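Here are my notes for you, written to be read with the model open beside them. Take the points one at a time and look for each part as you go.

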Amino acid sequence: MHEKEKDLIGAFLRGQVDRRALLKGLGALGMTAGSAGTLFNMMSTQALAADFDWKAHSGKSLKLLLNKHPYADAMIANLQTFKDLTGINVTYDVFPEDVYFDKVTAALSSGSSEYDAFMTGAYMTWTYGPAGWITDLKEWINDPAKTNPNYAWDDFLPGVKNSCAWNGRPGGELGSDDAKQWCIPWAFEQNNITYNREMFDKAGVGVPKNIDDMISVAAKLQKDISGIYGIGLRGSRSWATIHPGFLSGYANFNEKDLAVSADGKLSAAMNTAGSKAYHSKFVQLIQESGPKDWSTYTWYQVGTDLGAGASAMIFDADCLGYFMNGGDNKMAGKLSYAAFAANPEATASTPNIWIWSLAMSNFSKDKDATWYFLQWASGPEHALFGATKMDFVDPVRQSIWKDEVFRNKLNTSYPGFVEMFDASAAGASIKFTPQPLFFDVTTEWAATLQKMVAKEVPVDEGLDQLAESINRQLKEAGLG
Amino acid sequence: MESTSTPERILRGIALTLVILFFMFPIFWIFMMSFQTNETILQIPPSLSFTPTLSNYMALITGKLTTAAGTLDIAFMGNLGNSVFLSTASVAVSLLLGVPAAYAFARHKFRGSEDIAFTLLSFRFAPPLLVLLPLTQYFQWLGLSDTYIGLIWVYQLICLPLILWIVRGYFEDISADVEYAYRIAGHSWFATFRKIALPLAGPGIAAAGLLAFIFAWNNFVFALVLASASKQPVTVGALAFVTSSGIQYGQIAAAIVLSIAPTLALALYAQRYLVEGLSLGAVKG
Amino acid sequence: MTTLQLQNITKRYKSQAVLDDLTLDVADGETLVLFGPSGAGKTVLLRLIAGVIEPDAGKIVIGGEDMTEVDAEHRGIGMAFQNFALFPHMNAFDNIASPLEANRSSAAGIREGVEKVAKLLKIDHVLSHRPKALSNGQKQRTALARALAGSPPVLLLDDPLRNVDAKLRFEMRLELPRLLAKQGATVIYVTQDYKEAMALGDRIAVMSQGRIRQIGTPEDIYNTPADIDIARLFGDPTINLLTVIPKKDASGVYVELSNVRVPLPSMPESVVGKECVLGLRPETIVFTEPSAQGAIPVTVEAETPLNEKTVTLLLTARGREILLSRPAGTPGPSSGPAAIAVNGAAAFLFDKESGARIATPATTTNRNGEAA
Amino acid sequence: MASVTTARKAPSGFRISKKALPYVLSLPALLVCIGILIPFFTAVINSFQRYRLSQPWARQFNWGENYLNFFTDPSFWNTLRVSLTYAGLTVVLELLLGLGIALLLQKRSAFNNFVSIMLLMPLMIAPALAALMWKLMTNPGFGILSYFASLVGLDNFRWASSPDTALLTVVLVDIWVYTPFIMILLLAGLRSLPTQPFEAAALDGVPRTFVFFRITLPMLTPYILTATLFRLLDSIQQFDIIYAMTQGGPGDTLTVFQVEAYLNFFQSTNVGRSAALLIILWAITYLLSNIFIKNWLRLRERARGEA
């Protein structure tokens, strides 16, 4: 059947025909999009199988621990392809994001061999890695016998890939030569601006250029448009408050969370003059134009408000803005995206990033088989499937960003997204200092921010206290 | 009561109205939300004008949830089933173990009885997290993690002490002579327990059982840490509506309504026991 | 033979002895009344016999079998509680049927048994009622019926008439002896009412503070009370008690009341000069002519008719109160000065210090033949 | 000699001796729970260790150091203060409110019974979900309660997000969820009180307040103690509501024991500190319940002595 079509798709998968040519060609052959999809899947299975023994672990069984997330949904939607390809059976547990990481900690800390692989963020591997719960994946990536030749490890965005590698030394540089690859990036988020075009037009303001501009733009929006507030920011007592917009702007001023001395000792770096200045402005921004109950705001409230038209913009994950521009959100189709550099002297945006990644449990009973899953799930075929057919933003492979279909999809429905990405991708990386007290530091940082916003403590004093407390904890843990 | 004056009746009426307003309004609001989508729930200012939709309930029952980021599979009905099973089984086990123990503490002052009773109660006030965290490891070794048996066992920490202490009080309130009379009439202690003590403490047992059921039903932290997705109760499962693409308030509201339903039905059914029969006047009279 | 023996029974609550080394024998078919004030240990004793509580020391032998360790349900006992202790969730029929059910009787047998005893106690019309719907009297009869229904060889009745009204109590007091006799059981009956004790008991055991103070036939107890307390407890109106110091002259031992010599012919000489209490039953005192031999002058203070008796309160010259009881309708002064005669032979003399009655040679023999 | 015909059943078959019976009845319950003691001891050991999951190599016994550190740690004292305040506030308010409602519903009627069941509904919603709903209802934009507040002029009432009102807001949610629990126990208690003293008092024309304070309240005390005990122990260990509403914030306003210990374990993976915190919490609850149980037993004893 369909010999011509198979040839065409085969050529595409071998890289001989680009995607547009493929679709054109298929159209000419009278294929509907749907049947082309099926054929495409079938062929990609064949293509993958061609050069590598995917069936080596046939008959085995794996179990995954997944977060309730569009990325996981995209993977599950495509999972049959993997099963067909390898003959490995895969089951999975999905937990809501609110409790997901606690579940991971509970499972791993008890040494549970139930799960072979799981979703994680890079920050978490700073705990999981030293604790001995996850496996360094370099061994597999570099083994040609275990990794298929099309995997293209070099295709991953370097900044993202390196952010998932750490040598385990507190304060050690991410992606250093001796770093261990604790997890494989799957998709990531840059923290930039998503704004409501209608509201910006109505208030007659442009996209803020720097932090001072942001303060005034947000204030003007809030004043001119009734019933809304200027800018959505996270504020709960959690690390999640620090890592998006807040840290991205902070890093733009070249400020650090911790300082690493020559002998590898860590100390708090939040009480520098530059840091204090930035904190003051950020606190002012929240006080003047942030959500009224900012201190309870998590990802959900920030997104919900934007989608429901309660806020004019957010300084948060780009994919949060992406999700709010679709579905049954009231503001769907009215949102735009822009890179944001808080420092007027900075040349470009330097967003801190969150990376949804895949890690291998050290308690897995069959690591080779697990690696088969990991390389498939992070491989180019699934990445393309996720990016074009599902909501796999932001993709971590450079080839996807070059993909026309993907760029077109973004450009039509998500104005400014591609430009935003291109403008800040170079500066995008994890801005935290990797160290095992990450959550202690960030939680306390968030609590201090809350106190400053509530005017319980002045910014200067608050930061000094924070630095003092963090230094004490670092010492206690033998890191400072 | 018959002699209550008019102003007092009015005052009582006002007080009761306020109480009902305070406790029932959120319920009413949740109920209303369960017929709305996020679009009408998230209005500024909030309003009651909306076109009711059954989509939330449909989503829960069919297990398909449509969000900004596409269609998600949800296992709400499975979660509901787990909740029913876990709570019922836990309370059943607690009653089986707790009622005889309560009887022993109420009727027999034996060596160490108060110590044993107190120890049993102390399980209730051990902070759940304290035992939970090491427990995950032991369950791993014992092969109990992610089993219904393991969960039901841990749920005994919630149910058993509550049942034990409430039921003990009811047993103590039964006149010992009534039981003696039955013993002397020629019946064994077990027959006496079954024919006299159990029926007379029945309302108390029903009430304690219902309260234990509610507490087991509402448990969150044990279920979260010890159960995999397939064994999850509603409390954990409902968080699935907190998706990365937004909180599905409508569905959470509908989930709450659906999750109250079994307990409420049970409470209404047991109403006689719960408030009317609970009073031991019948026993003492 | 269903005799009942309690041997050296001791029961303590929190180191306080409620029953103190108590020994008691009850003959087959006998009705023994346990009489005493509340807190004497009567109810505890019944429960020990029934087997719902255990003694700290001592043996309980029923029908010649040591039952100390035997469970209540195997002792063959019927018991009626002072508070009735009916099963509130069962109707009167089921209440009464409970001992029959325990015997595994047939349904027909149970019905027959219940109806028989219900008819006997005249509660056959309320058998379908729950205890809540029964009057106090009906409850009491139901409790009694339940105790009787199994025809137990030993029957323990714990003050069953305490909580019923006077009229019913009076009726039952007449009715019960007939009923118990019919039953043929060995009965222990607890009461605080001396008339009940006198009316029902083959023998009466007077208890106080965990001990049996005296045991004997009702006549024994009345006529030869062991001590001042027992004398006071039995008799209505209560016995007159006057502190005296007996003297002696040639004609024998005597005491002086208002300077009148009252001879105590049967008293031993050892009492002379010792402070004693003279006990005079009100019915042994009679009005007499002031001029008569041994007449004691008194003033009539008040007169009260008491059922078939008339009770008169008198004041002696020294201001001591004395009660006099005579059959209703017999003549006597109702006010003003009068004179009385006291029968010294019928008087009791108690040791003031110990309260014990000072035995007279005539009565001693009588008291020793207790269980004969 | 009719009595002889009454066959005395011989003791037969398997019999449990009278002395052993209560143990036989109560031990299964104890045994089922005793397994839980093993993890408890593990936790005790952990609390005496320097133990972070993220630094397994540094795990060692540091004996009392985790505890000693608390003395100089202001966040610990804050935790202690917040936990006790929270427990005290919720229990007292819920007790008063619960008692008031129970008194309102005391009279037996179909309506009152129905209302009392309806009032149980907040208890039937998992606190974690209830908190989520309250969070929405107190949202400054979409929240109906914020809307009501603005109608009465409280335009900027910030509920759980302001340190000034966060405690009150969570306490309010706690009251909403748990008052029904106290109400139902006290209602049961009220309705089980014997009627005679009240009838007598009514006949004698004793003032109602006097009746309430001198008859009702003392007779109700065992029930009040039971309800208070369970509520107090749950309240001082509150987690679900606070964690879902504020995660302990804003600032350190609501870092109660379990929230702090939870964060210490699951986020910081500082097992040692987490365990030490929980052991202290356990000690507090142990102490409190001991006091309560003693009083409870004494009152029951007395109540039965009078009966």
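1. Let's begin with chain B, which is divided into domain 1 (6–73) and domain 2 (76–284); such bounds come from an automatic or database domain assignment. Please keep in mind that this is a predicted model, where local features need pLDDT of at least 70 and side-chain atom pairs count only at pLDDT 80 or more, while totals for chains, interfaces and linings use all residues. Residues are numbered from 1 along each chain as its sequence is written, and chains are lettered from A and ligands numbered from 1 in the order in which they are written.

2. How far apart do the C-alpha centres of the two domains of chain B lie? The distance is 29 Å. Across the boundary, 19 residues of domain 1 of chain B are in contact with 15 residues of domain 2 of chain B (contact means that C-beta atoms, placed from the backbone, lie within 7 Å). On the domain 1 side, helix H1 (6–33), helix H2 (38–41), helix H3 (55–62) and strand E1 (64–67) of chain B each give two or more residues. Helices here are DSSP runs of H or I with at least four residues, strands are runs of E with at least two, and both are numbered from the N terminus. H3(B) provides the largest share, five residues. By class, this side of domain 1 of chain B has twelve nonpolar, seven polar and no charged residues. For these classes, Ala, Val, Leu, Ile, Met, Phe, Trp, Tyr, Cys and Pro count as nonpolar, Asp, Glu, Lys and Arg as charged, and the others, Gly among them, as polar.

3. Chain B also meets chain D: 70 residues of chain D are in contact with 79 residues of chain B. Helix H1 (residues 21–34) of chain D gives the largest share of the chain D side, ten residues. That side of chain D has 53 nonpolar, twelve polar and five charged residues.

4. Chain D also touches chain A, with 28 residues from chain A and 29 residues from chain D taking part. On the chain A side, the elements giving two or more residues are helix H6 (97–109), helix H7 (122–131) and helix H22 (438–453) of chain A. H22(A) supplies the largest share, six residues. This side of chain A divides into nine nonpolar, eleven polar and eight charged residues.

5. Now try chain C, where six strands form an open sheet in the order E6-E7-E8-E3-E9-E10, with mixed pairing (two strands pair if DSSP finds at least two bridges between them). Strand E6 (77–80) and strand E10 (211–216) of chain C are at the edges, each with a single partner strand, so one side of each has no neighbour in the sheet. Strand E3 (residues 31–35) and strand E8 (residues 186–191) of chain C run parallel and are joined by five bridges. Leu32(C) stands opposite Ile188(C) in E8(C).

6. Is Glu219(C) buried or exposed? Glu219(C) counts as exposed because it has 11 C-beta neighbours inside 10 Å. The cut-offs, using C-beta atoms placed from the backbone, are 20 or more others within 10 Å for buried, 12 or fewer for exposed, and partly exposed in between. You will find Glu219(C) in helix H7 (residues 218–223) of chain C.

Methods: Two residues are in contact if their C-beta atoms, placed from the backbone, lie within 7 Å.
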